[in-house]
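Trainee: I would like to learn how to read the features of a model like this one. Could we go through them in turn?

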Amino acid sequence: MEQHALQNIFRQISLFCHFRLQSKNVQLKSSVSHGVKSPQILRCLGRNRISPPGASCLADYLSLNPPLQTLSLSHNRLGDQGAQAIARALRSNRNLTNLSLRGCGIGEDGLIALADAISSNPSICSFQLWGNSFSRKAAKAFHDLLKDSDRGFAHIDFFTNEVDEQIDIVRVE
């Protein structure tokens, strides 16, 4: 049901500026291009109980490289599988600049996939990942991303992640 509903929404996304998803307002800021309104910001998808199948559907949409610049999926049940689907989409999407996956139940495998995808995607300049479960390997993956990247990230938020007390996200010993 969830996947089917999301597929219908994303098929029609270029036609609507406002629509509802599971009783939540989803607002799109639009730009006009050749007379067609194209969404740039997709907000309020947080707390919609989106699970891995829904994330996979959304990833299919992101893979088409829509003009979407900001995506917030915070406080959904994406888990590792949903995060890995989003990470795969980030490899081909060059329009998304801001990604918020706060409190999505993402563990080591999903976080490592996201770090790898963000490192290979120069358009991502802002991401929020607090409230997920960082392992040593995941913390190291983000440490390496920040250390090896010569691009300046506008905003990075890891606040309140569950991390082994011996690990500092910014400086891994």
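Mentor: Start with burial: of the 173 residues in the chain, 47% count as buried. Keep in mind that this is a predicted model.

Trainee: Which pattern does the chain follow along the sequence?

Mentor: The chain has 5 helices and 7 strands, in the order α-β-β-β-α-β-α-β-α-β-α-β. Among contacts with a separation of 6 or more, 75% are between residues 24 or more positions apart.

Trainee: How are two packed helices described?

Mentor: By the angle between their axes and the distance between the axes. Here, helix α3 (residues 79-90) packs with helix α4 (residues 108-120) at about 10°, and their axes are 8 Å apart. The angle is under 35 degrees, so α3 is roughly parallel to α4.

Trainee: Which residues of α3 and α4 meet?

Mentor: From α3 come Asp80, Ala83, Gln84, Ile86, Ala87 and Leu90; from α4 come Glu108, Asp109, Gly110, Ala113, Leu114, Ala117 and Ile118. By type, the contact of α3 with α4 has 8 nonpolar, 2 polar and 3 charged residues.

Trainee: How many disulfides does the structure hold, and is Cys57 buried or exposed?

Mentor: There are 0 disulfides. Cys57 is buried, at a relative accessible area of 4%, whereas Cys125 counts as partly exposed at 25%.

Terms used. Residues are numbered from 1 along each chain as its sequence is written. This is a predicted model: local features need pLDDT of at least 70, side-chain atom pairs count only at pLDDT 80 or more; totals for chains, interfaces and linings use all residues. Side-chain values use heavy atoms; hydrogens and water are left out. Helices (H or I, at least four residues) and strands (E, at least two) are DSSP runs, numbered from the N terminus. Buried means under 20% relative accessible area, exposed over 50%, partly exposed in between (1.4 Å probe, protein chains only). Contact means heavy atoms within 4.5 Å. Axes are lines fitted to C-alpha atoms, for helices over the stretch in contact, and angles run from 0 to 180 degrees between N-to-C directions. Angles under 35 degrees count as roughly parallel, over 145 as roughly antiparallel, 65 to 115 as roughly perpendicular and the rest as oblique. Ala, Val, Leu, Ile, Met, Phe, Trp, Tyr, Cys and Pro count as nonpolar, Asp, Glu, Lys and Arg as charged, and the others, Gly among them, as polar. A disulfide is a pair of cysteine sulfur atoms within 2.5 Å.
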